[in-house]
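Hi,

Here is the structure I wanted to hand over to you. Have a look at it first, then come back to my notes below.

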Amino acid sequence: MRRAANPAQLAAPGFRDGSYCAESIIGTCALSLAAMQGQPINTAGDRHFKQALQPWSFCSTPVFDNHGRLFGSISLCCLVEHQSSADLSLTLAIAREVGNSLLTDSLLAESNRHLNQMYGLLESMDDGVMAWNEQGVLQFLNVQAARLLHLDAQASQGKNIADLVTLPALLRRAIKHARGLNHVEVTFESQHQFVDAVITLKPIVEAQGNSFILLLHPVEQMRQLMTSQLGKVSHTFEQMSADDPETRRLIHFGRRARRLPGATVR
């Protein structure tokens with residue numbers, strides 16, 4: 001087994017923790033050339049400009065992050081008499097492993113960031129949101145859905161949805177046939193209480209199995225919204241079709257009623 005240089009030996013030519021290895025300072029050397037050229041480099045003996053480095057062999061491979069930016073270098077140095085033809089390949093293999101680890105960490109951090117954004121969005125919605133897989137195992141339940149169905153959001157995670165609430169027949173049929181529902185009024189039974197809700201069911205059909213996302217719109221809010229929208233509707237007699245005698249008769253009496261004191265008919 002060949003010996004690697006110890007810290008005392010490296011300190012003699014000036015290599016210590018925090019040393020600056022620019023070519024303008026140490027001359028031609030794999031430590032600086034690998035970073036400059038972006039590829040594995042080996043220098044040994046008289047390939048070094050400085051005489052103090054000529055007894056040494058340096059192998060260096062740059063490491064790049066997932067954006068292609070130089071992150072650092074993996075370097076191996078030893079005395080020339082201890083060098084091996086596998087030294088450069090060893091630094092290349094280590095650099096690849098470090099690069100893969102950096103990529104994995106970056107992708108994991110990005111995935112966690114997206115998940116946090118999605119959970120923040122779902123928790124801030126006025127509607128309740130539930131999600132479960134093909135086996136009916138509850139995978140997500142936001143605070144609004146838990147409050148509406150009288151459930152504990154944390155304790156309900158991982159349980160079968162059929163064990164938590166009694167699903168209405170219409171919803172069970174839609175789940176069985178993986179068919180979507182859009183703003184349908186139903187009644188759940190949860191914790192021995194009946195809960196009215198307007199629901200929207202979104203099936204996620206995949207080769208691995210179907211999953212489902214359920215939105216629960218509070219009935220009172222939906223009714224208030226419909227009432228407010230209907231209250232804004234305005235029609236006039238001129239907009240009504242007068243093709244038949246009965247409609248013309250209705251318009252005639254309506255116009256007469258409009259002339260009465262205090263009437264608001266248009």
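**What turned up**

Buried here means under 20% relative accessible area, exposed means over 50%, and partly exposed is what lies in between, using a 1.4 Å probe and protein chains only.

A word on the ground rules before going on. This is a predicted model, where local features need pLDDT of at least 70 and side-chain atom pairs count only at pLDDT 80 or more, while totals for chains, interfaces and linings use all residues. Residues are numbered from 1 along each chain as its sequence is written, and side-chain values use heavy atoms, with hydrogens and water left out.

**The overall picture**

The chain has 10 helices and eight strands. These are DSSP runs numbered from the N terminus: helices are H or I with at least four residues, strands are E with at least two. Of its 266 residues, 33% count as buried. Among the contacts with a separation of 6 or more, 39% are between residues 24 or more positions apart; a contact is a pair of heavy atoms within 4.5 Å.

Two strands count as paired if DSSP finds at least two bridges between them. Angles run from 0 to 180 degrees between N-to-C directions, and the axes are lines fitted to C-alpha atoms, for helices over the stretch in contact.

Strand S2 (residues 56–64) is joined to S3 by nine bridges, and Thr61 faces Ile74 in S3.

After H3 comes Gly38, with a positive phi near 70 degrees.

**The largest pocket**

Which elements supply at least two residues each of the lining of the largest pocket? They are H3, S2 and S3, and S3 gives the most, with four residues. The largest pocket holds about 310 Å³ of space. It is lined by 16 residues, of which Phe15, Ser19, Cys21, Leu31 and Ser75 are the closest to its centre.

On a 1 Å grid over the protein atoms alone, a pocket is an open set of points with protein on both sides within 12 Å along at least five of seven lines, where a 1.4 Å probe fits; lining residues have an atom within 4 Å of a point. Grid points are joined across faces, edges and corners, and the volume is the space filled by probe spheres set on the points.

**The five-stranded sheet**

The other sheet to look at is open too, with five strands in the order S5-S4-S8-S7-S6 and antiparallel pairing. Strand S5 (138–141) and strand S6 (181–190) are its edges, each pairing on one side only. Neighbouring strands are turned against each other by 30 degrees on average, direction ignored. Helix H8 (residues 169–176) packs on this sheet, touching S4, S6, strand S7 (193–204) and S8, and makes about 120 degrees with the direction of S6.

S6 and S7 pair over eight bridges and form a hairpin with two residues between them, where Gln191 in the turn has a positive phi of about 55 degrees. Eight bridges also join S7 to S8. In that hairpin, with six residues between the strands, Gly209 takes a positive phi near 140 degrees.

**Back to Phe212**

The structure holds one aromatic pair. It is formed by Trp132 and Phe212, stacked at 5.9 Å centre to centre with 25 degrees between the planes. Rings of Phe, Tyr and Trp (its six-membered ring) pair if their centres lie within 6.5 Å; planes under 30 degrees apart are stacked, over 60 edge-to-face, and the rest tilted. Trp132 sits in strand S4 (residues 128–132) and Phe212 in strand S8 (residues 211–218), 80 residues apart. Trp132 counts as buried at 2% relative accessibility.

Cheers
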